[in-house]
Amino acid sequence: MSKLILLLFLGFLAYIVFKGYQRAASRRAGDSSRPKAPERMVACASCGVNLPESEALEGNGGRFCCEEHRRLGAHD
Ligand SMILES: [Zn+2]
């Protein structure tokens, strides 16, 4: 009978460890899996270079690759 209790206890322990490991693993995955999805690329309205949308500068006439091009504005 005590063997059965020990077995249950070990099973419970394994369950706790497994759950803890799962949580740690998912937390680690959450950290590393930031926007790994291909980011939308936008073209600089001044020079036409492609850059990630998050790095583009919003300006008058579109998005720009740098502060200087934003100041220059879109060429037409
Ligand atoms: Zn540019």
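Me: What does C47 touch, leaving out residues up to four places away in sequence?

Reply: In this predicted model, C47 touches C65 and H69. A contact requires C-beta atoms within 7 Å, so C65 and H69 each meet that limit with C47.

Me: How far apart are C47 and H69 in sequence and in space?

Reply: They are separated by 22 residues in sequence, and their C-alpha atoms lie 7.6 Å apart.

Me: Why is C47 called partly exposed?

Reply: C47 has 13 C-beta neighbours inside 10 Å. A residue is exposed at 12 or fewer and buried at 20 or more; C47 therefore counts as partly exposed.

Me: Where in the chain does C47 lie?

Reply: C47 belongs to the loop between β1 (41-43) and β2 (50-52).

Me: What makes G59 partly exposed?

Reply: There are 18 other C-beta atoms within 10 Å of G59. Burial would need 20 or more, while exposure would need 12 or fewer, so G59 is partly exposed. G59 is part of strand β3 (residues 57-59).

Me: Which residues is G59 in contact with, apart from its neighbours within four places in sequence?

Reply: G59 is in contact with F64, R70 and G73. As for H69, it is 10 residues from G59 in sequence and 9.2 Å away in space, C-alpha to C-alpha.

Me: Which residues form the largest nonpolar core?

Reply: That core has five residues, namely C44, A45, A56, F64 and C65.

Me: What does F64 touch, not counting residues up to four places away in sequence?

Reply: F64 touches C44, A45, S46, A56, L57, G59, H69 and R70.

Me: How much of the protein chain is buried?

Reply: Buried residues account for 11% of its 76 residues.

Me: What pattern does the protein chain follow along the sequence?

Reply: The order is α-β-β-β-β-α, with two helices and four strands.

How values were computed
Residues numbered from 1 in each chain as written. Predicted model: local features only at pLDDT ≥ 70, side-chain atom pairs only at ≥ 80, totals over all residues. Core = buried A, V, L, I, M, F, W, Y, C linked by C-beta atoms within 7 Å. Contact = placed C-beta atoms within 7 Å.
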